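Subject: Two-chain model, handover and findings

Hello,

Here is the model I promised to pass on. Please have a look at it before reading the notes.

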Amino acid sequence: MTGYSDIALWVIITALGVGTFFLRYSFLGLVGRKPLPERALRYLRYTPVAVLPGLVAPLVIWPEATEGALDPARILAAAVTVALGVWTKNTLISILGGFGMLYAGIFLLL
Amino acid sequence: MPITYKMTLPKQVRTMKTRSPITSAYLRGFVQGLPFTLVIFPFGLLFGVAATEAGLDILPVMGFSIFVIAGASQFTALHLMVEQAPVILILLTSLAVNLRMAMYSASLAPHLGKATRWQQALIAYFMVDQTYAMAINEYEARPKMTMSEKLAFYAGTSTVIPPFWYGSTLLGTQIGQTIPPEFALDFAIPITFLAMIAPALRTLAHVAAAAVSIIVALVFAFLPAGLGLLVAAGCAMVTGAQVELWQTRRKAAK
């Protein structure tokens, strides 16, 4: 990986591993069996849906592979992935459908 | 008396009776985990491929999958590394993706909180979306399970899911370089993330949080790598929580 020394790389891996372990261990082992306050749960519930769409959005609108130019195949693939996921509630079907649309767009249609 | 009764039972029922409840709990976990390998396998494969394409050697790639075992945060870290984000931002954002694990931990605590420290550490290490979801469904469906049965069930799910994650990552590192650029693997990350998020868009609050996350991330895309995303995630979490609160109050007022 360009730009990160071996040390920086392993700091990232180790810190992420240790941090994630303690998130998983937190309420099970450290806090005991006291239930989490509803206020905290309310924020935690939305973390995946708050982080991942924001991460993906720029990648869909400005793909690295096209050096930032809008790409119909990628936008269609993203739309199909979301539509299938909302409709079927099945991650695997959604991934397969998204790749299907991406390749259809790249190799056949556009 | 119980022995003669047992002898008269059909063969299938007899084997079920003779198998200890702990063994059958373990086997239930194992069998219920099998279908999930279909999701784990391609996802792990993609991580191996994407990380190798990004220039990581096999050791760090496997280090991610073995020490972190959390796909979404691994992809987040990888993506931010490709963008050359500062280490602290990589850690903050990737850990934010894993905050849901604290919620899983809280929800498993009433069931497994009495396990020994050592058992709890193992439970924590193997806690991923799939093992958590299976365990909590099982515990709620069978409230009479003993602690040992609950642990055995969890051990069953953990025998299937994590090894598939390590193995598929390893396979991904091996086939990574052989995949030509036309196959647009750069888009594997967006597709897998969208496929993970879309099924979660089940309430107005979730949709609102996702929408705010997208808009704020695009507006702040000019900020140094990773920073815009952190701002977007914060705004989106508040949005989700507030919309939920507003809806609950409105329902209560009716």
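My notes follow, chain by chain and then on the contact between them.

This is a predicted model: local features need pLDDT of at least 70, side-chain atom pairs count only at pLDDT 80 or more, and totals for chains, interfaces and linings use all residues. Residues are numbered from 1 along each chain as its sequence is written, while chains are lettered from A and ligands numbered from 1 in the order in which they are written.

Chain A

Chain A has 5 helices and 0 strands. Helices (H or I, at least four residues) and strands (E, at least two) are DSSP runs, numbered from the N terminus. The radius of gyration of chain A is 19 Å, well over the 13 Å that the globule rule gives for 110 residues, so chain A is more spread out than a compact globule. That radius is taken over C-alpha atoms, and the globule rule is 2.2 Å times the number of residues to the power 0.38. The C-alpha trace spans about 55 × 40 × 20 Å along its principal axes.

In chain A, 43% of the 110 residues count as buried. Buried means that 20 or more other C-beta atoms lie within 10 Å of the residue's own; exposed means 12 or fewer, partly exposed in between, with C-beta atoms placed from the backbone. Of the chain A contacts between residues at least 6 apart in sequence, 36% join residues at least 24 apart. A contact here needs C-beta atoms, placed from the backbone, within 7 Å.

Chain B

Chain B holds 14 helices and 0 strands. Its C-alpha trace spans about 80 × 60 × 35 Å along the principal axes. Of its 254 residues, 49% are buried. Among chain B contacts between residues at least 6 apart in sequence, 75% join residues at least 24 apart.

Chain B is assigned domain 1 (21–185) and domain 2 (201–254). Their C-alpha centres are separated by 26 Å. In chain B, 9 residues of domain 1 are in contact with 6 residues of domain 2. On the domain 1 side, helix α7 (residues 87–97) of chain B gives the largest share, 5 residues. That side divides into 6 nonpolar, 2 polar and 1 charged. Ala, Val, Leu, Ile, Met, Phe, Trp, Tyr, Cys and Pro count as nonpolar, Asp, Glu, Lys and Arg as charged, and the others, Gly among them, as polar.

In helix α9 (residues 117–125) of chain B, the buried residues are Gln120(B), Ile123(B) and Ala124(B). Down the axis of α9(B), they fall within an arc of 100°, so they line one face of the helix. The arc is that of the directions from the helix axis to the C-beta atoms. Their cover includes α1 (6–30) of chain A, together with α8 and α11 of chain B.

Helix α10(B) buries Asp129(B), Gln130(B), Thr131(B), Tyr132(B), Met134(B), Ala135(B) and Glu138(B). Their cover includes α3 (21–33), α8 (100–112) and α11 (147–175) of chain B.

Between the chains

The contact takes 81 residues from chain B and 68 residues from chain A. On the chain B side, α8(B) brings the largest share, 10 residues. That side divides into 61 nonpolar, 15 polar and 5 charged residues.

Best wishes

Notes. Contact = placed C-beta atoms within 7 Å. Domains from an automatic or database assignment.
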